[in-house]
Amino acid sequence: MSTLTEERRLKALAFGMPYGLLGSARALSDESSELIKGFSVIARRAAAGAIALELAYALQKGDEDEKRLFYRDKSRNYGVDPSLTQYEMGLFHGENTEHDLDVIVQSKEALGMLMWMLGGHASPIDPTLPMKVEEVVRMMNEAGNIQTFIERAQVVDFEDIMVMLDLYRLYDEENVGDKTIVHYRRQALEWLITSENDWLRVPV
């Protein structure tokens, strides 16, 4: 185990023990923080996800055709169409199932994790406390377009991201916290260090 891996593990355990982490799991990460996707990629995924989440909430209330058109235009005008995932594209074009809609809504925890990385949310170390997704959507809407969104965001230190990844791997391995919350937050973190473009395709 490298010194850096050990330091990450100790920090993750310090964060997690108040929530029931025992530290019995193995040290899980020795990846380099240089693997983390670029700032622009992270910001575009967050903004696209926020618009898709707005649409998902709107669809739960009805008036499907009108709302799909409105949010398709919003995504295009915001400048994040190329960053939409397969699930999100299906939602925008009426090709989704109820399961797909549920996946988009549940993935708000992944979205919240990205917003923490961009300086828009408090540190999400509690694996039982849902993130305040309204802050995510507000931050996106106040920017008005992707360029302003990127300019306003302030990414956290990449080593802090790697510690958070270790923490959620440990939560997952020791079955600590709410399973859905832990799953989607970890999925966002794992997505950061893979070549996969669609975060919902990243195995966890």
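The legends below describe close-up views of cavities, a pocket and salt bridges in a predicted model.

**View A. Lining of the largest cavity.** The structure holds two cavities of 30 Å³ or more, and the largest cavity has a volume of about 40 Å³. Its lining consists of Gly-49, Leu-53, Glu-88, Ile-104, Ser-107, Lys-108, Leu-111 and Trp-199. At least two lining residues come from each of helix 2 (39-59) and helix 6 (108-117). By class, the lining has four nonpolar, two polar and two charged residues.

**View B. Lining of the largest pocket.** The volume of the largest pocket is about 160 Å³. Among the residues that line the largest pocket are Lys-37, Arg-45, Trp-191, Glu-196 and Asp-198. Four nonpolar, three polar and four charged residues make up the lining of the largest pocket.

**View C. Salt bridge between Arg-8 and Glu-159.** The N to O distance is 2.8 Å. Arg-8 lies in helix 1 (residues 3-16) and Glu-159 in helix 9 (residues 158-174), so the pair, 151 residues apart, links distant parts of the chain. Arg-8 is buried, at 1% relative accessible area, whereas Glu-159 is partly exposed at 22%.

**View D. Network of salt bridges.** Glu-31, Arg-169, Asp-172, Arg-186 and Glu-190 are linked in this network. Arg-169 and Glu-31 meet at 2.9 Å, N to O; Arg-169 is in helix 9 and Glu-31 in the loop between helix 1 and helix 2, 138 residues apart. Arg-169 is buried, with a relative accessible area of 8%. The side chains of Arg-186 and Glu-190 meet at 3.0 Å, N to O. Arg-186 and Glu-190 are separated by about one helical turn because they are four residues apart in helix 10 (residues 179-192). Arg-186 is buried at 16% relative accessibility, and Glu-190 is buried at 8%.

How values were computed
Residues are numbered from 1 along each chain as its sequence is written. This is a predicted model: local features need pLDDT of at least 70, side-chain atom pairs count only at pLDDT 80 or more; totals for chains, interfaces and linings use all residues. Side-chain values use heavy atoms; hydrogens and water are left out. On a 1 Å grid over the protein atoms alone, a cavity is a set of points where a 1.4 Å probe fits but cannot get out, and a pocket is an open set with protein on both sides within 12 Å along at least five of seven lines; lining residues have an atom within 4 Å of a point. Grid points are joined across faces, edges and corners, and a volume is the space filled by probe spheres set on the points. Ala, Val, Leu, Ile, Met, Phe, Trp, Tyr, Cys and Pro count as nonpolar, Asp, Glu, Lys and Arg as charged, and the others, Gly among them, as polar. A salt bridge is a side-chain nitrogen of Lys or Arg within 4 Å of a carboxyl oxygen of Asp or Glu. Buried means under 20% relative accessible area, exposed over 50%, partly exposed in between (1.4 Å probe, protein chains only).
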